[in-house]
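Please have a look at the model first, and then I will go through some pairs.

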Amino acid sequence: MQCLLPKKGVLLIYHLSLAITSQQCFSDASTRRPADLLSSFTTIKTVMKGLYKDLGDVVLALLKNTETREHVLQYLGEVINKNSSRAHIQVEPMYCASSGMFVNLSAVMLQLSDPFLDANLTKRDKIDPKYVFYGSRLDLKELTALHASSEEVAQWINKDSPGKIDVSGQYSDGENRLLRSQEATSSSSFASEPSLQNVKPTSSVGAGKSKYPFICECFFMTARVLNLGLLKAFSDFKHLVQDISRAEDTLATLKAMQGQTPTPQLELDIKRIEKEIELYSQEKLCYEAQILRDQGLNHIIVEYDHANKDPDLIQHALSFYRLMVVWLVDLVGGFKMPLPSTCPMEFACMPEHFVEDAMELLIFASRIPKVLDGVLLVGCDDFMNFIIMFMGSPNFIRNPYLRAKMVEVLNCWMPRRSGSSSATATLFEGHQMSLEYLVRNLLKLYVDIEFTGSHTQEPSYVKYEASLSLVLALGIESIFVMFYDKFNIRHNIAELLEYLWQVPSHRNAWMQIAKEEEKGVYLNFLNFLINDSIYLLDESLNKILEIKEIEAEMSNTTEWERRPAQERQERTRQFHSQENIIRIDMKLANEDVSMLAFTSEQIVAPFLLPEMIERVASMLNYFLLQLVGPQRKSLTLKDPEKYEFRPKQLLKQVSS
């Protein structure tokens with residue numbers, strides 16, 4: 001009952017047991033033989049597989065019992081509602097159910113959903129969007145919506161009386177059809193359960209509560225549980241991997257400093273970081289054993305995956321989110337473009353995390369070998385259509401970060417990255433909606449993303465400048481992160497556009513868009529491309545001057561040794577930090593200049609518009625001044641390639 005009534009003692013025992021498990025199974029992971037780690041991994045996987053099956057059997061048996069069915073649904077609703085804070089970035093473990101518990105519940109809910117995840121998704125008409133507003137079990141109305149504001153949601157709900165919904169006081173036949181279909185279509189052990197063909201639905205436990213088919217209730221409950229469970233675990237796993245990477249970078253920096261100026265404190269810091277990395281690595285292997293299961297430890301052994309053909313947690317979740325995107329598209333009239341002129345309120349009011357979770361899962365799964373193999377055969381067309389339809393549609397999905405996640409999915413699917421080149425190439429190069437709308441919507445999003453701090457802000461045509469109110473609300477660090485998020489998003493878009501330029505059909509579409517939108521989206525795209533190129537190169541060159549100054553300080557060993565140890569450490573950290581910034585900014589600047597170069601060869605007209613001639617001339621003069629002007633000698637680096645600084649290549653692209 002810890003999931004309903006959090007007690008510090010119960011949860012403390014859980015977290016202690018997790019630590020004990022990681023110690024027992026994965027201690028000294030960095031030095032152990034791969035076969036030993038695989039043995040521990042296999043043991044955990046086998047236990048989890050049995051646990052998921054047994055939990056699923058228990059819940060299904062309780063749902064089939066007319067006396068307990070309603071109470072089970074009530075219980076599941078309470079578990080979800082009382083643990084809604086698990087969706088927060090920072091989770092208080094003493095007052096929420098554990099990740100393990102919610103991942104287990106995710107597996108159970110996916111098993112219950114299995115019968116309506118058939119290839120043709122024939123039962124999706126049983127899912128009523130009004131459940132979000134009028135369903136009594138889940139608190140869904142307060143969740144951030146795809147496009148509607150909270151006021152718009154409230155206004156729309158109030159205009160329709162809940163009494164207009166079909167409230168018969170009984171479940172529809174959908175419940176029994178679902179449970180019968182589990183026996184008929186499921187390959188799991190559920191098929192051996194007694195038939196429910198003659199079971200009558202129960203009456204309402206609470207007076208006045210609306211009743212929806214079991215398929216509908218199960219769909220929305222599964223979506224919420226996955227958000228709080230499996231998807232949250234993926235997020236935690238991603239952050240854990242990032243923590244390990246940062247710790248390894250810190251360790252490398254400390255060891256470099258120890259090599260130059262050894263101190264007892266540095267030795268202690270190195271041992272502390274090494275211990276942290278060991279603990280992080282143990283926790284990472286525990287995550288892999290549970291949430292990756294069949295795909296875990298691919299770097300240790302490959303044959304194991306080929307031998308194990310059971311559908312795993314991730315593939316089950318992918319099937320569920322395929323249903324999610326197809327159902328959402330039904331709300332706007334199906335897979336067709338262009339979209340309606342106004343966004344239907346049923347779609348606008350759907351929780352934003354429905355789409356965000358689908359995109360996060362696709363990104364996560366795309367980075368694991370073989371996970372998408374089965375999905376590519378059936379579901380990737382649906383995901384691709386959904387992404388193309390909504391990626392460039394702020395009137396349907398307001399949040400630019402969410403639409404940017406769609407670009408990240410496509411970036412993972414690019415043939416040279418996905419590992420399934422022929423299958424993913426077809427999605428880009430032989431997919432009708434892709435050929436017609438992909439380049440257009442990528443260019444639109446490139447423009448829309450100019451301001452990522454507010455979903456309602458119109459894009460500006462100048463560099464990002466945070467308003468005082470935004471600075472006060474978010475803080476300087478948040479503004480800084482948002483500013484650089486823009487460049488990261490545009491980097492993903494630029495990589496896709498560069499690939500698509502090599503595909504003749506997409507290049508032709510691009511040239512047609514440039515002609516049609518010469519003074520619209522395409523002109524804005526060029527403006528931002530020029531802005532970003534100048535800004536990034538300027539930042540990079542200024543940082544080069546800063547690291548050269550620190551290099552000069554460090555080369556004067558006599559003066560350097562006289563400085564306090566803390567000051568030397570701080571300057572060394574600053575040096576490595578600036579190096580990383582230069583590499584990133586220079587890579588992005590090269591990308592932007594390259595795109596200007598290869599597109600301007602065949603798309604000349606926009607650059608000759610009166611409003612563009614002066615801008616282009618100013619940009620070229622700026623680049624020439626930096627690359628061949630008086631200060632060029634001060635930008636000389638011992639190893640310019642290390643920083644992706646290629647002045648000759650830049651000069652050639654600018655002058656050609």
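With which residue does Glu-274 form a salt bridge? The partner is Lys-255, and the closest N and O atoms of the two are 3.7 Å apart, where a salt bridge is taken as a side-chain nitrogen of Lys or Arg within 4 Å of a carboxyl oxygen of Asp or Glu.

Before I go on, a word on the basis: this is a predicted model, in which local features need pLDDT of at least 70 and side-chain atom pairs count only at pLDDT 80 or more, while totals for chains, interfaces and linings use all residues. Residues are numbered from 1 along each chain as its sequence is written, and side-chain values use heavy atoms, with hydrogens and water left out.

In total, the structure holds 27 salt bridges, and I would now like to turn to a group of them around Arg-490. The side chain of Arg-490 meets that of Glu-450 at 2.8 Å, N to O, and this pair links helix H22 (residues 476-501), which holds Arg-490, with the loop between helix H20 (432-448) and helix H21 (468-474), which holds Glu-450, 40 residues apart. Arg-490 counts as buried because its relative accessibility is 3%, and Glu-450 is buried as well, at 2%.

Arg-490 also forms a salt bridge with Asp-532, with the closest N and O atoms 2.7 Å apart; Asp-532 lies in helix H24 (residues 521-555), 42 residues from Arg-490 in helix H22, and both residues are buried. Together with Lys-486, the residues Glu-450, Arg-490 and Asp-532 are linked in a network of salt bridges.

Lastly, let me mention Glu-579, a residue of helix H26 (residues 565-600) that is buried, with a relative accessible area of 4%. Leaving aside neighbours within four places in sequence, Glu-579 is in contact (heavy atoms within 4.5 Å) with Ile-547, Lys-642 and Tyr-643.

Notes: Helix = DSSP H or I, 4+ residues; strand = E, 2+ residues; numbered from the N terminus. Buried < 20%, exposed > 50% of the residue type's maximum accessible area, 1.4 Å probe, protein only.
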